[in-house]
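Here is a note for someone opening this structure for the first time. Please keep the sequence and the 3D view side by side while reading.

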Amino acid sequence: MSTIEHPSVTALRDLLRLHTVASADGGDTDPAPFVELHRLLREHFPLTHEIGEVVDVPPHGLLIRVPADPESPTASADPVVLMAHMDVVPLGDESRWTHPPLAAEVVDGEIWGRGTLDDKGQLVAVIAAVETLLADGQRPAREVWLSFGSDEEVMGTCARNAVEILRSRGVTPWFVLDEGGAVASGAFPGVTRPLGVVGVSEKGVLSLRLTASGRGGHASRPAKGGPAARIAAAITRLERHPFPAHLSPATVEMLRRLAPHLPAPVRPLVERADRFSTALARVLVAAGPEAAALARTTVAVTTLSGSPAINVSPTSVHAGLNLRIAVGESTAAATERIRRIVGKDIAVAVDEAHEPSPLSPTDDPAFALLERTVTQVFPEAVPVPYVMYAATDSRHFTQICPRVYRFAPFRMSAEQRESIHSYDERLGVEDFLDGIRWYRALLDSLGAATVAPDGATP
Ligand SMILES: [Zn+2]
């Protein structure tokens, strides 16, 4: 059988053809593609649905409880939650796609389409791994919950509802694994080996709306210092006053683990990342936007609006700011800083504010299990913790579990990582199948990695 005819590849392609876009206002979401997605999951993964307990999670999510092997010594130990999401971002400008985003074409060993990387590939990989385990007549050594959200991309309510359901059932997960990191090549300047980056926290999100107001009027009699000029000046000031750079403990740990793989001249500095963190933070900022985002709170100017007519001066001009708040900082302090920089002439309103997530431990058996599984399936990769720039559904799970990790077991090039939320999103067929192997290896090891260094069973 060619890998293209692999049943899991077929399942993924079927899911990719569904336009599962969630609306920020949940009521506007078309439920039909989600209902069809549930049906396809039942059709492609019958054992998981037969042996597992399926719980609907509003609006269109699913929780599936896969019971533990009753013979396993860890049968009643805390369960593991494996997450993914069904919804995707809109297709964007379809003419930019080399292969159409909803056709799920397989071309030169790659599956093309919106959602291959974010996040249907992960969803199908995890459920396919469970299905193969059950098909082999086995059960996981401890209970496993699959949690598939339906509105991750619009920061909707589904993940919160899933957490409430788990909480009401007394579930206190050993660890939670969601999207986030990957087996990323070209991820860090100077490191040639791919990195198995496992997110241990995520930055906070803060959306602010700046408004400058003024008289406005006819464009034939413009006044100096109008609202448009003041908003422009405020944006320029923000660019000139970036947030201070510093390293979180997770970034220090990431650098420490990367050190042996770096070119010799910088190795001693990075090995002592804890001591040289200020200098290293500056190096990261200078190394380009991806590295800089590791080292500080970032500010992006996203929306701009003024007069709707070209011959009318605006009475108010707005700029939207999207900030990603570094771990260890707060949305309130960031808002204050922005207010100081733009000055009292500009009104600052908070549209949304989510604090950075707590740090999940890296000196812990759960993290060690993920690390070992990365090395087992991707021996070329160096597993490292990192702080994610993007927000995921898993941040809600920090309420019921201190060990929340973010990793999709797929090889991703820098180009592929850029295609997420953009165009030409695609996943290698072999990379997808290795992702299934990774989840299967993880499921196979859930009984082995249960004793903490101090002898306690988590
Ligand atoms: Zn996602």
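Predicted model: local features only at pLDDT ≥ 70, side-chain atom pairs only at ≥ 80, totals over all residues.

The points below go from the whole chain to single residues.

1. The protein chain has 14 helices and 17 strands. Every position mentioned below can be found by counting from 1 along the sequence as written.

2. Overall form. The chain holds 458 residues, and a compact globule of that length would have a radius of gyration near 23 Å. The protein chain has 23 Å, so the two agree. Along the principal axes, the C-alpha trace spans about 80 × 55 × 45 Å.

3. Packing and surface. Of the 458 residues, 53% count as buried. Take the contacts with a separation of 6 or more: 80% of them join residues 24 or more positions apart. The accessible surface comes to about 19300 Å². Carbon and sulfur atoms account for 54% of that surface.

4. Charge. The protein chain carries 43 positive and 56 negative side chains. The centres of these two sets lie 10 Å apart.

5. Strands of a sheet pair through backbone hydrogen bonds, either parallel or antiparallel. Which order do the strands take in the open sheet of three? The order is 4-5-17, with antiparallel pairing. Strand 4 (106-107) and strand 17 (426-428) are the edge strands, each pairing on one side only. Strand 4 and strand 5 (residues 110-112) are joined by two bridges in the antiparallel sense. Here V107 stands opposite E110 of strand 5.

6. D108 sits in the loop between strand 4 and strand 5. Most residues other than glycine have a negative phi, and most peptide bonds are trans. The phi of D108 is near 45°, a positive value in a residue other than glycine. D108 is exposed, because its relative accessible area of 77% is over 50%.

7. H421, another positive phi. H421 lies in the loop between helix 13 (414-419) and strand 17. Its phi is near 65°, again positive in a residue other than glycine. Is H421 buried, partly exposed or exposed? At 46% relative accessibility, H421 counts as partly exposed.

8. Two cis peptide bonds. One joins P58 and P59, with omega about 0°. P59 is placed in the loop between strand 1 (53-57) and strand 2 (61-66). A cis peptide bond also joins D118 and D119, with omega about 10°. D119 lies in helix 4 (residues 116-135). Both sites deserve a look in the 3D view.

9. Strand 9 (residues 204-213) is mostly covered, with eight of its 10 residues buried.

10. F410. This residue is found in strand 16 (residues 404-412). F410 is buried, with a relative accessible area of 0%. Which residues does F410 touch, leaving aside its neighbours within four places in sequence? They are G121, Q122, A125, A182, V183, L427, D431, F432 and G435. A182 is 228 residues away along the chain, yet the C-alpha atoms of F410 and A182 are separated by 5.6 Å.

11. T251. Look for T251 in helix 7 (residues 249-258). T251 is buried, with a relative accessible area of 0%. Its contacts, leaving aside neighbours within four places in sequence, are L284, L294 and V387.

12. P314. P314 is found in the loop between strand 12 (312-313) and strand 13. Its relative accessible area is 17%, and under 20% means buried, so P314 counts as buried. Leaving aside neighbours within four places in sequence, P314 is in contact with G216, P227, G306 and S307. G27 is 287 residues from P314 along the chain, and their C-alpha atoms are separated by 33 Å.

Methods. Heavy atoms only, no water. Helix = DSSP H or I, 4+ residues; strand = E, 2+ residues; numbered from the N terminus. Rg over C-alpha atoms; globule rule 2.2 N^0.38 Å. Buried < 20%, exposed > 50% of the residue type's maximum accessible area, 1.4 Å probe, protein only. Contact = heavy atoms within 4.5 Å. Areas by Shrake-Rupley, 256 points an atom, 1.4 Å probe, with all protein chains shown as cover. Lys, Arg positive; Asp, Glu negative; His and termini not counted. Charge placed at Lys NZ, Arg CZ, Asp CG, Glu CD. Pairing = 2+ DSSP bridges.
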